[in-house]
Amino acid sequence: MPERKILFVTNNGIEDAAFGGAKASRRNYELLKEYGQVDVAAILKKSNLASMLSIAGGYFPPSGKGDLTRIGTMLDNGKYDFAFFDGSHFGNLVEYVKERGVKVICFFHNCEYDYIEVRFGKQKSLKKSIYKNLIQKQEKMAAQAADLNIVFTQRDAERICGLYQVKKPEILPLSLIDVYERREPGKKERECLLFGPLGQANQEAFGWFVKEVAPYLHCKTRVAGKGFEAYEKVWGSKKVIVQGFVQDIAQLYADAACVAIPLLSGGGMKIKTAEALMFGKYIFGTDEAFVGYEGAFEKIGGKCNSAQAFIDKLNTFLQKEKDSFSVYSRQLYEEKYSMEASREAFAKLLKRLYSSE
């Protein structure tokens, strides 16, 4: 495929990909760079007032009319072969770029309409209702206008197809840039790690685990992730260490005997599952934690969908397995969820975009 000029529209900070969604965005950006010049139109949150103006204009925050004008200027100044929208909530912008004669790829990190339930929780609220109506409109516009829709999982492909009456999107599983480095454990006492930033899904899952599982494990549980330092007094105990923000995640994973991902809700593929595989960890998680992943889950660690299952499988593991590094998990990452694994599949999708030429 000849080198092309590509417009990459995202609301994640790809230069500082410190959290889940941004790591997936960085993956997309790095893959695109292999096919030509990539110009980034970053649409980042500016202020609460800007979000209100975005909503008032019929956009889904943080995008707004000013972003449409900016992208229009970029289109005026350069001929783009295609635009890659890193998110499905840019409906107005997708339609505008299509009207300008540019091919469009829309990448769905989740079915955002469904993810509103995770983001805001199950309780009803005016804000949640407004956001849900907006995202349904924007996501439908994006899905129907795009030349090619891409998702992480079969679950999302089927949902987008049925919800918005479009051809079933193509599937490109999650992959991560490899930042693994071998470290020796710095702690003698074994710990089960819960790692992720504070948010509705993680707060719900970690809180449940701390209450229902951690007291009965034959090891301590460490809760780590930006924002969770606020829960030190609430969850901290002789059995639970609450660390909060982590600077050196390589050492954090090296120190963990295993990783638990007890998610009860969510969408897309879970970044923390791929990250734990990358660092060669044994993983014990719910069905939700492994959505979109393929492998021998009993060799990774195990699926656990109840407190008792977590307790039984984790304690059995702690009794039998002394090495905290899983060769199988690391191999699975390299074979299926590394950048190398994504390149061939991504190349095929781009060829499909231009198959009519």
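## A pocket in the model

A pocket is an open set of grid points where a 1.4 Å probe fits, with protein on both sides within 12 Å along at least five of seven lines. The model examined here is predicted. Its second largest pocket has a volume of about 260 Å³. Lining this pocket are 23 residues. Closest to its centre are Pro185, Ala254, Ala256, Lys281 and Ser324.

Which helix gives the largest share of the lining of the second largest pocket? Helix α10, residues 249-255, does, with four residues. By class, the lining of the second largest pocket holds 13 charged residues, nine nonpolar and one polar.

## Helices α3 and α4

Helix α3 spans residues 65-77, and helix α4 spans residues 91-99. The two pack at an angle of about 25 degrees. Their axes lie 10 Å apart. Angles under 35 degrees count as roughly parallel, so α3 is roughly parallel to α4. The crossing of α3 past α4 is right-handed.

Which residues make the contact? From α3 come Asp67, Leu68, Ile71, Gly72 and Leu75. From α4 come Asn92, Leu93, Tyr96 and Val97. Sorted by class, the contact of α3 with α4 has six nonpolar residues, two polar and one charged.

## Helices α5 and α6

Helix α5 covers residues 112-120, and helix α6 covers residues 126-145. Their axes come within 9 Å and cross at roughly 160 degrees. Angles over 145 degrees count as roughly antiparallel, so α5 is roughly antiparallel to α6. The crossing of α5 and α6 is right-handed.

On the α5 side, the contact is made by Glu112, Tyr113, Ile116, Glu117, Arg119 and Phe120. On the α6 side, Lys127, Lys128, Tyr131, Lys132, Ile135, Gln136 and Glu139 take part. How do the residues of the contact of α5 with α6 divide by class, and how many are charged? Seven are charged, five are nonpolar and one is polar.

## Backbone details in two loops

Where is the cis peptide bond? The bond runs from Pro61 to Pro62, with omega near 10 degrees. Pro62 sits in the loop between α2 (48-56) and α3. Helix α3 is also the partner of α4 in the packing described above.

Gln165 has a positive phi, near 55 degrees, and is a residue other than glycine. Its place is in the loop between α7 (154-164) and β6 (170-171).

Definitions and conventions: Residues are numbered from 1 along each chain as its sequence is written. This is a predicted model: local features need pLDDT of at least 70, side-chain atom pairs count only at pLDDT 80 or more; totals for chains, interfaces and linings use all residues. Side-chain values use heavy atoms; hydrogens and water are left out. On a 1 Å grid over the protein atoms alone, a cavity is a set of points where a 1.4 Å probe fits but cannot get out, and a pocket is an open set with protein on both sides within 12 Å along at least five of seven lines; lining residues have an atom within 4 Å of a point. Grid points are joined across faces, edges and corners, and a volume is the space filled by probe spheres set on the points. Ala, Val, Leu, Ile, Met, Phe, Trp, Tyr, Cys and Pro count as nonpolar, Asp, Glu, Lys and Arg as charged, and the others, Gly among them, as polar. Axes are lines fitted to C-alpha atoms, for helices over the stretch in contact, and angles run from 0 to 180 degrees between N-to-C directions. Angles under 35 degrees count as roughly parallel, over 145 as roughly antiparallel, 65 to 115 as roughly perpendicular and the rest as oblique. A crossing is left-handed if the near helix is turned anticlockwise from the far one by less than a right angle, and right-handed if clockwise. Contact means heavy atoms within 4.5 Å.
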